[in-house]
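User: I've just opened this one and I'm new to it. Could you walk me through it with some questions and answers?

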Amino acid sequence: MKVQKYEISRTIDKLKSIVQKNDQFPALGGVLVKDGYLIASNSEITMKVKLEASEGSYFIIPMKAFDLIKNLPDGEIDISATDKNVVMIKIGAIKNKYQSYPPEEFNFDITEDPEADGVELNGKKIMEAMCLKIVNAPTQIHRMVTPKMMLPLIDDKLQEEFKETEARE
């Protein structure tokens with residue numbers, strides 16, 4: 001990947017606050033370069049920033065390389081990775097290598113699938129949990145949420161269980 005220093009430096013500056021040392025997922029201690037994007041993630045948030053120069057590249061720039069990239073002279077930087085996950089950063093006479101991680105280990109690379117059916121939830125278990133919550137709620141709140149509001153949403157068997165629970169109360 002060949003990119004201007006100011007472009008990659010600016011992009012990494014946007015992402016580096018998300019990158020952190022992560023002993024459980026060491027690959028997240030860098031920025032993933034994939035399909036025209038630079039992607040940073042931790043266990044809570046994932047952020048993608050478009051970088052057209054990275055089209056066709058697939059590797060992780062380790063956090064150790066961020067300061068080097070920021071302090072390089074202006075010009076075109078060549079960043080590439082070997083098949084042994086060694087990231088090479090070159091500009092003019094400057095050439096540095098960093099050991100990285102396989103990009104496949106970047107576990108929080110979230111991609112949307114427009115063909116996916118969506119999330120499947122077990123409706124019965126959700127309704128049982130809601131019924132238990134309503135039954136165990138304080139009396140004032142319980143009067144506000146009446147069983148009549150819930151019953152049309154529940155299948156017949158669960159309605160009976162709900163009525164039995166109400167009768168025991």
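User: Let's begin with a loop. Between which two strands does Asp35 lie?

Analyst: Keep in mind that this is a predicted model. Asp35 has a positive phi of about 50 degrees even though it isn't a glycine. Its loop runs between strand S2 (30-34) and strand S3 (37-41).

User: Is Asp35 buried, partly exposed or exposed?

Analyst: Buried would need a relative accessible area under 20%, and exposed would need over 50%. Asp35 comes out at 48%, so it counts as partly exposed.

User: On to helix H1. Why can we say that its buried residues sit on the same side?

Analyst: H1 covers residues 5-15, and its buried residues are Lys5, Ile8, Ser9, Thr11, Ile12 and Leu15. They sit on the same side of H1 because the arc they cover around the axis is only 165 degrees.

User: Which residues have the most contacts inside the largest nonpolar core?

Analyst: That core has 26 residues. H1, S2, S3, strand S5 (58-62), helix H2 (66-71), S6 and S7 each give it at least two. Another core, of six residues, lies apart from it and includes Ala27 and Phe106. In the largest one, the residues with the most contacts are Ile8, Ile61, Ile69, Ile79 and Ile89.

User: What does Ile79 touch, leaving out residues up to four places away in sequence?

Analyst: Ile79 is one of the residues with the most contacts inside the largest core. Leaving out those sequence neighbours, it touches Met1, Ile8, Phe59, Ile61, Ile69, Val87, Met88 and Ile89.

User: Which residue takes a positive phi in the hairpin of S7 and S8?

Analyst: The hairpin of S6 and S7 has four residues between its strands, and Asn85 in that turn has a positive phi of about 60 degrees. The hairpin of S7 and S8 has two residues between the strands. There, the residue with a positive phi, near 55 degrees, is Gly92.

User: Last one: which lysines lie over the face of Tyr37?

Analyst: One sits at 4.4 Å from the ring centre, and that's Lys48. Another sits at 4.9 Å, and that's Lys50. As for aromatic pairs, the structure holds zero. The lysines over Tyr37 are Lys48 and Lys50.

Methods
Residues are numbered from 1 along each chain as its sequence is written. This is a predicted model: local features need pLDDT of at least 70, side-chain atom pairs count only at pLDDT 80 or more; totals for chains, interfaces and linings use all residues. Side-chain values use heavy atoms; hydrogens and water are left out. Buried means under 20% relative accessible area, exposed over 50%, partly exposed in between (1.4 Å probe, protein chains only). The arc is that of the directions from the helix axis to the C-beta atoms. Rings of Phe, Tyr and Trp (its six-membered ring) pair if their centres lie within 6.5 Å; planes under 30 degrees apart count as stacked, over 60 as edge-to-face and the rest as tilted. A charge sits over a ring if NZ of Lys or CZ of Arg is within 6 Å of the ring centre and within 35 degrees of the ring normal. A nonpolar core is a set of buried Ala, Val, Leu, Ile, Met, Phe, Trp, Tyr and Cys residues joined through side-chain atoms within 4.5 Å. Contact means heavy atoms within 4.5 Å. Two strands pair if DSSP finds at least two bridges between them.
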